[in-house]
Amino acid sequence: MNWFSHVRDKETGAAPVPQTQGQVIRWPRFYDVILWVITRNKEPAFRRFVTDIAGLQPGESVLDVGCGTGTQALVAKACVGESGRVVGIEPSLEMVTYARHKARRRGLVVDIQPGVIERLAYPDQSFDVILCIIVLHHMPDETKRQGINEMARVLKRGGRVLVVDSNLQLLPSFEQEGFSQVNAGKLPFADGYTFILWKK
Ligand SMILES: C[S@@+](CC[C@H](N)C(=O)[O-])C[C@H]1O[C@@H](n2cnc3c(N)ncnc32)[C@H](O)[C@@H]1O
């Protein structure tokens with residue numbers, strides 16, 4: 001249960017974030033410290049590995065679902081450049097505010113919006129690439145299935161989804177949505193995490 005889902009986005013006045021059964025994180029500063037520990041002070045290398053595996057190219061449009069404090073979205077923006085577009089969605093307004101602040105401080109234009117993976121507020125076939133980094137284990141199976149269904153909907157034909165997680169027992173749901181696996185492996189700099197790159 002998300003007890004804070006009635007809170008409006010203070011910056012934009014946007015409607016309340018939809019309820020989610022996902023486990024929402026509300027402590028952005030502490031979260032960044034945890035990432036520093038998990039990656040043994042190698043978070044920049046971890047983030048670059050993710051964008052390399054996803055094969056981000058200048059001009060591409062990227063959706064970062066469950067973007068948290070926005071670190072991965074900012075690295076993605078550096079890869080796609082000014083002609084590219086990066087959107088991050090996140091149910092925690094604390095994370096949203098913090099990620100926007102980080103983007104402004106670094107002078108990067110990244111669109112961070114309140115939202116949930118199971119109900120993406122974008123038209124069909126909007127993005128070339130979706131990043132779903134350490135997010136799916138935060139939700140029950142039914143929410144994961146809805147999220148995978150939504151990612152398939154908003155991804156362009158031929159687009160890629162990169163999933164990084166500690167437990168990737170989701171293969172049937174991706175295959176049912178018409179994805180095929182193009183790469184998979186262990187993540188360096190973060191013990192116990194694996195990745196799968198899917199193509200639609
Ligand atoms: C472990 S953090 C990962 C954050 C970020 N992707 C990263 O790479 O650092 C998981 C994030 O998923 C968010 N989350 C929880 N439920 C969600 C949902 N239904 N849709 C999207 N994100 C969700 C949490 O609030 C949290 O910020």
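T71 counts as buried, because its relative accessibility is 12% (buried is under 20% relative accessible area, exposed over 50% and partly exposed in between, with a 1.4 Å probe and protein chains only). The model here is a predicted one, where local features need pLDDT of at least 70, side-chain atom pairs count only at pLDDT 80 or more, and totals for chains, interfaces and linings use all residues. Residues are numbered from 1 along each chain as its sequence is written, and side-chain values use heavy atoms, with hydrogens and water left out.

T71 sits in helix α3, residues 71-80 (helices are DSSP runs of H or I with at least four residues, strands are runs of E with at least two, and both are numbered from the N terminus). Leaving out neighbours within four places in sequence, T71 touches D32, E43, R47 and K102 (contact means heavy atoms within 4.5 Å).

Then there's the sheet. It is open, with seven strands in the order β3-β2-β1-β4-β5-β7-β6 and mixed pairing (two strands pair if DSSP finds at least two bridges between them). At the edges are β3 (111-114) and β6 (180-186), each pairing on one side only. From one strand to the next, the twist averages 15° (axes are lines fitted to C-alpha atoms, for helices over the stretch in contact, and angles between N-to-C directions run from 0 to 180 degrees). Helix α2 (residues 43-54) packs on this sheet, touching β4 (127-133), β5 (155-165), β6 and β7 (194-199), and its direction makes about 140° with that of β4.

Strand β2 (residues 85-90) runs parallel to β3, joined by four bridges; G88 has I112 of β3 as its bridge partner. Helix α4 (residues 93-105) lies across β2 and β3, at about 165° to β3.
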